[in-house]
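Open the model in your viewer and keep the selection tool at hand.

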Amino acid sequence: MESSAERLDRNTIELLNELRVAGTGIQVMFAFLLIVPFNNGWRHVDSFERTVYFVTLLIVAAAAFLILAPPVQHRILFRRGEKGFLIRVGNDLALAGMLMLALGFIGILVLLSDVVVGGAAPLIVGALAAVFVGGLWFAWPIGRRDEE
């Protein structure tokens with residue numbers, strides 16, 4: 001049986017490892033979004049696509065801020081006896097960051113489907129992506145948690 005201190009140590013390691021995985025996804029998304037306006041085809045996008053792009057860029061930036069906050073806070077509060085606080089706040093920040101990450105994925109899919117296919121595709125792809133990621137990332141585990 002693990003002690004309270006051992007549980008806090010384990011929870012801290014698990015949280016930081018999960019954030020590392022999410023951080024990689026954000027880096028790829030942000031890199032994609034940063035190069036898009038410098039592409040020659042960018043001159044041909046319409047107002048809707050520019051708006052979706054900019055909102056998605058801001059959402060992905062917010063995801064990065066939220067997901068990077070727990071490791072930064074951990075470094076600042078390291079060896080100050082704040083692991084309980086760091087885990088509670090880190091969990092909330094990680095969940096908020098994952099929500100922003102999900103919205104970022106949806107935004108990118110809406111943008112690409114509008115540029116590539118147009119018509120109703122952005123609405124359909126955005127709705128399907130929202131249902132899929134919302135169900136897989138949030139509804140399913142929340143439903144499982146509520147079963148116990």
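Ala, Val, Leu, Ile, Met, Phe, Trp, Tyr, Cys and Pro count here as nonpolar, Asp, Glu, Lys and Arg as charged, and the others, Gly among them, as polar. Keep in mind as well that this is a predicted model.

**Stop 1: the largest pocket**

Select E18, N91, A94, L95 and M98. Of the 14 residues that line the largest pocket, these five are the closest to its centre. The pocket has a volume of about 450 Å³. Which helices each supply at least two residues of its lining? They are helix 1 (4–35), helix 3 and helix 4. Sorted by class, the lining of this pocket holds 9 nonpolar, 2 polar and 3 charged residues.

**Stop 2: the largest cavity**

Rolling a probe the size of a water molecule over the atoms shows where empty space is left. The count of cavities of 30 Å³ or more comes to 1. Select T12, L15, L16, P70, H74, L86 and I87, which line the largest cavity. The space inside this cavity is about 50 Å³. Helix 1, helix 2 and helix 3 each supply at least two residues of the lining. Which of the helices gives the most to it? Helix 1 does, with 3 residues. The classes in the lining of the largest cavity are 5 nonpolar and 2 polar, with no charged residues.

**Stop 3: T56**

Next, select T56, which lies in helix 2 (residues 47–77). Is T56 buried or exposed? Its relative accessibility is 3%, and buried means under 20%, so T56 counts as buried.

**Stop 4: aromatic rings**

A pair of aromatic rings is described by the distance of the centres and the angle of the planes. How many aromatic pairs does a search of the whole structure find? The search finds 3. Select F105 and W137, which form one of these pairs: the rings are 6.2 Å apart from centre to centre, with 80° between the planes, and the pair is edge-to-face. F105 belongs to helix 3 (residues 83–116) and W137 to helix 4 (residues 121–147), so the pair ties together parts that are 32 residues apart in sequence. F105, at 36% relative accessibility, counts as partly exposed. W137 counts as partly exposed too, at 33%.

F105, W137 and F138 form one aromatic cluster.

**Stop 5: R75 and F78**

Select R75 and F78. R75 lies over the face of F78, at 4.5 Å from the ring centre.

**Stop 6: R79**

Most residues other than glycine have a negative phi. What is the phi of R79 near? Phi of R79 is near 60°, a positive value in a residue other than glycine. Is R79 buried or exposed? Exposed means over 50% relative accessible area, and R79, at 75% relative accessibility, therefore counts as exposed.

Notes
Residues are numbered from 1 along each chain as its sequence is written. This is a predicted model: local features need pLDDT of at least 70, side-chain atom pairs count only at pLDDT 80 or more; totals for chains, interfaces and linings use all residues. Side-chain values use heavy atoms; hydrogens and water are left out. Helices (H or I, at least four residues) and strands (E, at least two) are DSSP runs, numbered from the N terminus. Buried means under 20% relative accessible area, exposed over 50%, partly exposed in between (1.4 Å probe, protein chains only). Rings of Phe, Tyr and Trp (its six-membered ring) pair if their centres lie within 6.5 Å; planes under 30 degrees apart count as stacked, over 60 as edge-to-face and the rest as tilted. A charge sits over a ring if NZ of Lys or CZ of Arg is within 6 Å of the ring centre and within 35 degrees of the ring normal. On a 1 Å grid over the protein atoms alone, a cavity is a set of points where a 1.4 Å probe fits but cannot get out, and a pocket is an open set with protein on both sides within 12 Å along at least five of seven lines; lining residues have an atom within 4 Å of a point. Grid points are joined across faces, edges and corners, and a volume is the space filled by probe spheres set on the points.
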